[in-house]
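Biologist: I have the sequence and the model open side by side. Can we go through it together?

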Amino acid sequence: MRWPPLPGALQALFEEPLPNRVSWAHVLGSALLGLLALMAVTGVLLALGYAPSTASAWESVTAIEQDPWGRLVRGLHHWGASVVIVLAAAHLARVYLFAAYRPPRHWTWVAGVGLLLVLLGFGLTGYLLPWDMKAYFGTRVATAIPASLPVIGPVIGQLIRGAGDVGDFTLTRFYTAHVILLPAALVGLVLLHLRLVRRHGITPPFADQSDVVRRDRPFFPWHAWKDSLAVLVAVGGVTYLAVAHGAPLGDKADPSNSTYVPRPEWYFLGLQHLLRIFTGPWQILATAILPGAAVTALLLVPWLDRNRRHRPAHRPVALGLGTLSAAVVVGLTVAGYRAVEHEERQQAMRAATPTSARAVTQPEPDIDLARQGAQLYADLQCAACHGTDRKTSAPGLPPDLSAAGSRLRQAWTASYLLQPTPIRWQRQDQRPVIRMPDYALSEEEAAALAAHLATRQGHMTPEVDDDLLVAATATEGRLLFEQYACSGCHVIEGRGQRVGPDLSRVGDRLQREYVFAFLQNPGEFIPGTPMEQVDLWPEEAAALAAFLATLR
Amino acid sequence: MEDSSGRRRFLSGIVVGLNAVTGLLLAVPALGYLLSPLLRARASTWVRLGPIGSFPAGQDTVVAEFSVHDDAGFTGGRVRRRAFVRRTDGGDVIALSSRCTHMGCNVSYNAGADSFECPCHGGRYDLEGNVIEGPPPRPLDRYRTRVAAGNLEIET
């Protein structure tokens, strides 16, 4: 079989004779190039469905994830990014081991280090784009590092973010860098790198200048098949990871969240860990001096290493320093990973610890306690405001408690009775609509009243579809909360309009089943409520109820 | 020399084969993703227009506004739509889409002329949705209707 003639440059590349000792160790660059092609293809595909705005970035990524092919493409891009870094580091280590940075190949080395920095830039800018919690808080920390530099730091931080904090301007800047500026730099550096490799040729492994290097076999097909296999293994490995694990997407970024533990991409964990080691006046070591010194040293390796020998036995200092540096980077990364894991475990334990205002499940009311509560209810004349003769609640009036047991969570009721705080607000002057007096109850009295109220199921027991509630997800509910502009009337953690009840701790206050039923027909539960009747599908109501149940 | 030439041909074939597999690994998800909009089915839903009593039989056409989930976007919000609803003397409900069958512009109801008129290319339809004039290739689309719990609903 005869192949059609190739263009001149490609023909020359194919026919270039390579040193005979060039072998599997030399396939890393080609595998890296193959994965960069994969990243470019999947990046363009993702850009077709991505919208770089804080209002729509997460939603667009969610839509990509909902398409099975989109999920695969995103998975390829996600895992490809990590494997690219691994291959680039391995390629760099191989060049270092073979001392392939020696003149005349010193600029090839510099271009390669530049490429590694550009690849890290891709990782940093791409990390923000999904606009989930991890993206937001990871970038907040990443941009705070240069911003913490003395004197010029605040200016640099402002320039990188485009504003005082991470937001729309940051997202559009990072997106532009990710899809225009960095790709342009990458293409330029790859072309320069390849041009220099072609000009100076491949360095045979461990060959000193006195060694005779035979070059009697061309690149194609004698080495090309190894390169091709390496590319296939790399692309195949990334495809496996994408199919098996997909790409993570957390909840949409919530800048008000105060419990999220920032976790940068794994190859920045070491850098972040430096911030734990060097604090206070020493922080500049972690933010500028050590990373800057490491990059400078890496760039200057060809000039720092004056040894002319190639064999490892003749380069103990260079290889010792190289091994030590690699061990430090790996050690910092592992330590950074463990520190984040530890902090996440601590956070989870704190969140799981019940407090007086946090009920995990709705317990069965204690009958004896409920009897005491019923007596107390009568003694305190609660019925004067919450009279059972008035079968319903209405805006501006104390709520009907005849169905409190099917509506309120018992633990919240007890905690509320100890310290009543306003839940509903005047539309105009934002003052509480009604005030529940503070009866200075003891904890026992509050618990008894709460137990009594928990027994009052009333006539408003909601009809619940358990299957729907089980299938509903809080993530979808959060999306619906935004779509229906619920924050136009409800506050969550200080965000939104104070028209209806504050929902910041509604998961503690109301039972999910009640919320599910109420959302579908508010007027049935609170006649005359200003709550807008929205045409919700039961699945939507279930998802919203699931989301609201997480607000604790 | 013969051996070397044969081995070279063999390795050349290997290179082509390996790269073809790599290309396939890239091309399958790329094509799948690019073509996936063609496979996206739109689920029909019943939308409530209002109590059936607000559409009296034998009266003028009512312009009914409703909102549906925007399945053309990823933010998943709701988009407003319009339907022209009329109940015949016999009580049958005719619910017409407001989208011109020519190029998809929205038609408006001209009560004086008892017709629907398209502002884009001059298409006109009668109250049944049949083409009277202009380039529309077919009558206005009709929604399926039903009455549920006293409310008129259309299938969108």
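Biologist: Where does A:Ala99 lie?

Modeller: A:Ala99 sits in the loop between α4 and α5 of chain A. Keep in mind that this is a predicted model.

Biologist: Is A:Ala99 buried or exposed?

Modeller: A:Ala99 counts as buried, because its relative accessibility is 1% and the cut-off for buried is under 20%. A:Ala99 also has a positive phi of about 55 degrees although it is not a glycine.

Biologist: What about cis peptide bonds, which residues do they join?

Modeller: One cis bond runs from A:Pro103 to A:Pro104, with omega near 15 degrees. A:Pro104 is in the loop between α4 and α5 of chain A. Another cis bond joins A:Phe220 and A:Pro221, and omega there is about 0 degrees. A:Pro221 has its place in helix α9 (residues 219-222) of chain A.

Biologist: Stepping back, how many helices and strands does chain A have?

Modeller: Chain A has 24 helices and two strands. Of its 552 residues, 44% count as buried. Among the contacts in chain A with a separation of 6 or more, 77% are between residues 24 or more positions apart.

Biologist: Which residues touch the most other members of the largest nonpolar core?

Modeller: They are A:Leu35, A:Leu38, A:Trp109, A:Leu119 and A:Leu186, in a core of 43 residues. Two or more residues of this core come from each of α2, α4, α5 (106-128), α8 (168-200), α10 (224-245) and α14 (316-352) of chain A. The largest share, nine residues, is from α4(A).

Biologist: Take A:Leu35. What is A:Leu35 in contact with, leaving aside neighbours within four places in sequence?

Modeller: A:Leu35 is in contact with A:Gly80, A:Val83, A:Val84, A:Leu87, A:Ala234, A:Val235 and A:Val238. Apart from this core lies another one of 41 residues, among them A:Tyr416, A:Tyr484, A:Ala517 and A:Ala542.

Biologist: New topic: how many cavities of 30 Å³ or more does a search of the whole structure find?

Modeller: The search finds one, and the volume of the largest cavity is about 30 Å³.

Biologist: Which residues line the largest cavity?

Modeller: The lining is made of A:Val41, A:Thr42, A:Leu45, A:Val73, A:Leu76, B:Leu26, B:Pro29 and B:Ala30. At least two lining residues each come from α2 (28-47) and α4 (68-97) of chain A and from α1 (2-39) of chain B. Seven of the lining residues are nonpolar, one is polar and none is charged.

Biologist: Staying with chain B, why is strand β10 largely enclosed by the rest of the structure?

Modeller: Strand β10 (residues 151-155) of chain B is largely enclosed because five of its five residues are buried. B:Asn151, B:Glu153 and B:Glu155 point one way from β10(B), while B:Leu152 and B:Ile154 point the other way. In a regular strand the side chains alternate between the two faces of the sheet.

Biologist: Which strands pair with β10(B)?

Modeller: Strand β1 (residues 46-51) of chain B pairs with β10(B) in the antiparallel sense over five bridges. In that pairing B:Pro51 stands opposite B:Asn151. Strand β9 (residues 144-148) of chain B is also antiparallel to β10(B), joined to it by five bridges, and B:Ala148 stands opposite B:Asn151. The hairpin of β9(B) and β10(B) has two residues between the strands, and B:Ala149 takes a positive phi near 50 degrees there.

Biologist: Last one. Where does A:Leu510 lie, and what is A:Leu510 in contact with?

Modeller: A:Leu510 lies in the loop between α21 (506-509) and α22 (512-520) of chain A. Leaving aside neighbours within four places in sequence, A:Leu510 is in contact with A:Arg407, A:Leu408, A:Arg409 and A:Val515. At 14% relative accessibility, A:Leu510 counts as buried.

Technical notes: Residues are numbered from 1 along each chain as its sequence is written. Chains are lettered from A and ligands numbered from 1 in the order in which they are written. This is a predicted model: local features need pLDDT of at least 70, side-chain atom pairs count only at pLDDT 80 or more; totals for chains, interfaces and linings use all residues. Side-chain values use heavy atoms; hydrogens and water are left out. On a 1 Å grid over the protein atoms alone, a cavity is a set of points where a 1.4 Å probe fits but cannot get out, and a pocket is an open set with protein on both sides within 12 Å along at least five of seven lines; lining residues have an atom within 4 Å of a point. Grid points are joined across faces, edges and corners, and a volume is the space filled by probe spheres set on the points. Helices (H or I, at least four residues) and strands (E, at least two) are DSSP runs, numbered from the N terminus. Ala, Val, Leu, Ile, Met, Phe, Trp, Tyr, Cys and Pro count as nonpolar, Asp, Glu, Lys and Arg as charged, and the others, Gly among them, as polar. A nonpolar core is a set of buried Ala, Val, Leu, Ile, Met, Phe, Trp, Tyr and Cys residues joined through side-chain atoms within 4.5 Å. Buried means under 20% relative accessible area, exposed over 50%, partly exposed in between (1.4 Å probe, protein chains only). Contact means heavy atoms within 4.5 Å. Two strands pair if DSSP finds at least two bridges between them.
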